[in-house]
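Trainee: Could you take a close look at one part of this model for me? I'd like to follow its side-chain contacts and see where they lead.

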Amino acid sequence: MTVSDAALIQRWFEAALGAAEPASAVQRALRCDGEALTVGGQRIPLGGRLIVVGVGKAAVPMACGAEVVCGDQIETGLVITKDGHATGDLPRCIRVVEAAHPIPDERGVRATHEMLDLLEGMGDGDVVLALISGGGSALLEAPRPPVTLADVAETTNLMLRAGAPIQDLNRVRIPLSLVKGGGLRRAAGKSTMVTLILSDVLGNDTRIIASGPTVRGEASGTDALALLDRYRVRDRVPLAVIQALETNEGVARLWDFPNDVVEIVADNETALKAVRERSIGDGYRAEIVWTRVGGEASELGRAWVGSCLESDTGMDVLLGGGEATVTVHGDGVGGRNTEFALAAALELEQRKVSDWTIASVATDGQDGPTNVAGAIADSGTCDRARIAGVQPERTLADNDSLRVFDVAGGLVTPGPTGTNVNDLYFAVRRRGI
């Protein structure tokens, strides 16, 4: 791996993070003149209280951005974020609570009920500014009785290990919750709700992002049961979950909030475009060849190498965006991005491709259960691992991809980035080869 290729990828990754920086994204989307909020060309009068609520990995910087715009107009607020994400500058008048992710815990449930209490009594003239980002499905949780937190946690873990993408996981979780699928919105009564979303869902379906707590949802127990069957976990989820889904007919609840506003402030496309512009500015020919891609990480890694071989000979940089899944078969340590990169490294080696450097990175800086964002690989990655005593083929089979890059080099380790807009895929053709 040449230093220049890795350095380029790191620099372009930083450009992507800058474009999707949550505080700046909120400030671009939101205006406040003391009498009204303006979002997406719509003016929302401030006739009463302004309360801020938020949830997700980007909740803290989004809240800071809202304070910059709205200042003393904000009466109070509460945001829930992932452990380790309440760092740096914190909002002054908006309380921050940390909780567990991706498996929910009691701290998240307690904070969720605090949020519901905060919204109780909101009425005509009041405005709720809701800041939603990825990770919110685990962080904002109030199980629908008789389903318990333990039931939700076990179901979430089973779905994740089965390789379910976020869309399918959330479709199972929504009918089990009091706050998902519009439940948080209904708690705010006759107030007007303005929702700003930093999207971690490909296609930006607002019903799926953080399980749609502030938008209309029509959760179907029948559909959720079908998904449990698809991923072959129905016989292992708690009985209370099955019973709850069997009694949920998916009837749409009353929804009468015509003045609400929902706006996507940044997404994977935002980050991809920033990378392309930066790489072109650095003098490279760059093309976005993948958007909204999902599937098994190892299969996508091999396919990414195929895209390199099929590219125009004059193209220097290929870019993609998406989010892979991993069906867990082994007991190793790794995430979807290191698994993608390891599969790509094996494919580069097998096909004797020496002129491409490949990377797969998570924009939130955390690749599944690891503390890395992903990895950078080339045709020599696997040889370097073998010299260090690690067999890459075996580690891939054991879902132990992190081990390869620990010894071969190439880990991308920015730490929590404060944003979350899915994953980015890079391929850089080595010039002069």
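Mentor: Let's start with R11, which is partly exposed, with a relative accessible area of 35% (buried is under 20%, exposed over 50%, partly exposed in between, using a 1.4 Å probe and protein chains only). Bear in mind that this is a predicted model, where local features need pLDDT of at least 70, side-chain atom pairs count only at pLDDT 80 or more, and totals for chains, interfaces and linings use all residues. Residues are numbered from 1 along each chain as its sequence is written, and side-chain values use heavy atoms, leaving out hydrogens and water.

R11 makes a salt bridge with D282, 3.3 Å from N to O (a side-chain nitrogen of Lys or Arg within 4 Å of a carboxyl oxygen of Asp or Glu).

Now look at W12 and Y284. Their rings pair edge-to-face, 5.5 Å centre to centre with 80 degrees between the planes (rings of Phe, Tyr and Trp, the last by its six-membered ring, pair if centres lie within 6.5 Å; under 30 degrees is stacked, over 60 edge-to-face, the rest tilted). W12 is in helix α1 and Y284 in the loop between α11 and β10, so this pair ties together parts 272 residues apart in sequence. W12 has 0% relative accessibility, so it counts as buried, and Y284 is buried at 16%.

Moving on, W304 and Y425 have ring centres 6.2 Å apart and planes at 55 degrees, so that pair is tilted. It joins helix α12 (residues 297–310) to strand β15 (residues 423–429), 121 residues apart. The model has six aromatic pairs and 27 salt bridges.

One more salt bridge deserves a look: K57 to D364, at 2.5 Å from N to O. K57 sits in the loop between β4 (50–55) and α3 (59–70), D364 in the loop between β12 (356–362) and β13 (374–377), so the pair ties together parts 307 residues apart in sequence. Both K57 and D364 are buried.

Note on methods:
Helices (H or I, at least four residues) and strands (E, at least two) are DSSP runs, numbered from the N terminus.
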